[in-house]
Amino acid sequence: MSNLVLSGTGMYVPPHKISNEELVGAFNEYVHRYNRAHASEIENGSLKPLLESSPEFILKASGIKSRYVLDRAGILDPEVLRPHIPERADDQLSIMAEMAVAAARNALADAEKKPADIDAVIISCAVLQRAYPAIAIEVQNALGITGFAFDMSVGCASATYAMHIARGLIETGGARAVLVCNPEILSGHANFKERDSHFLFGDAATAFIVEREETAQASNVWQIVSSKLKAQFSNNIRNNFGFLNRCAPETRDTPDKLFVQHGRKVFKEVLPLVSHFIAEHLEEHHLGAAEIKRLWLHQANINMNQFVAHKVYGRDPTESEAPNVIGEYGNTSSAGAIICFHEHSADLSPGDYGVLCTFGAGYSAGSVILKKLS
């Protein structure tokens, strides 16, 4: 059986960017207004005052300096603190499909492929815009791809899970090549009124092509040596938004319908899980840390990535060994590790190994061992 390869990647980010300073300005103004409006309750102790945020706090807690978003105005309005993303008519391309198509076109160009070369489209992301019709079928139609398409979601691990499934589709003869897209509109589920998480998320889309080695003709082709998945249930990262919310209107708009995280528990539980998971995967293929030239990790928190990379290498990694893109893009969920690969893979040499690893809500984790071919 021929090798399967990752032959092209692409990305799209919206044109609007928000710095930490801008975000903090809007959040702190909201805090001041809230505390003034509830001054009597705060004074008598029945209500706790909201605390301000700061750019320094954000950078230390996450490594994030900025993020790209679909809408600046709504997020930076202290009276709104959410993006304004108008609904589109059913006969228009949805905003999520539009982002995916933009990333997909870039991936197709990078892989030197045409839509006719692709047999399947997978949309795999943390938060889907709707239940049906599948966003993937909409993207398939917009690109003029025949064959089949479907949506899937496994939180921040969605990209590696989809890469694993794409491998299976090709190995069983179900497709010659698979296009995977990871469109993430995370500003839509971010709680911009919550100090501990208001700074986390950005909007972005990534895409990549999986195919057989003999059909690959691009300049940055990576053999997918192995992919491995793991899931372990946890409530520590959760979003309870869904179609059943309308059936319980009394709790329809409560904060748990947005992103909720118990950060300290996540840090304590996820990091050992992921570190052991990567080490186990490498051991199964008789690879040592010294042979891994690069780690492309999920871009959720720079401190988490440094911890995982240190565990894998047994020492502090160099910036080249474990690059981070979270500073510019924020947490883009399933797209983050693909952005990192897209921006930090072409400089390696044929024969070099790297590990692409994503992890998050579920808990879910996916590890992919890659070897550069060209």
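Predicted model: local features only at pLDDT ≥ 70, side-chain atom pairs only at ≥ 80, totals over all residues.
**Helix pairs**

The axes of H4 and H5 cross at roughly 55 degrees, and the two helices are therefore oblique to each other. Their crossing is right-handed. On the H4 side, the contact is formed by Met-96, Ala-97, Ala-100, Val-101, Ala-104 and Arg-105, while H5 supplies Ile-135, Glu-138, Val-139, Ala-142 and Leu-143. By class, this contact of H4 with H5 has nine nonpolar residues, no polar ones and two charged ones.

For H1 and H3 the crossing angle is roughly 120 degrees, and this pair is therefore oblique as well. The crossing of H1 and H3 is right-handed. Here Asn-20, Glu-21 and Val-24 of H1 meet Pro-55, Ile-58 and Leu-59 of H3. The contact of H1 with H3 comprises four nonpolar residues, one polar and one charged.

| Helix pair | Residues | Axis approach | Crossing angle |
|---|---|---|---|
| H1 and H3 | 20-37 and 55-62 | within 9 Å | roughly 120 degrees |
| H4 and H5 | 95-111 and 135-143 | within 9 Å | roughly 55 degrees |

**Second largest pocket**

The second largest pocket holds about 330 Å³ of space. Its lining consists of 21 residues, and Ile-302, Glu-319, Ala-322, Pro-323 and Asn-324 lie nearest the centre. Helix H8 (302-313) and helix H9 (326-329) are the elements that each give two or more residues to this lining. The lining residues of the pocket divide into eight nonpolar, eight polar and five charged.

Notes
Residues numbered from 1 in each chain as written. Heavy atoms only, no water. 1 Å grid on protein atoms, 1.4 Å probe; cavity = no way out; pocket = protein on both sides within 12 Å on 5 of 7 lines; lining within 4 Å. Points joined across faces, edges and corners; volume = space filled by probe spheres on them. Helix = DSSP H or I, 4+ residues; strand = E, 2+ residues; numbered from the N terminus. Nonpolar A, V, L, I, M, F, W, Y, C, P; charged D, E, K, R; others polar. Axes fitted to C-alpha atoms, helices over the stretch in contact; angles between N-to-C directions. Parallel < 35°, antiparallel > 145°, perpendicular 65-115°, else oblique. Left-handed = near helix turned anticlockwise from the far one by under 90°. Contact = heavy atoms within 4.5 Å.
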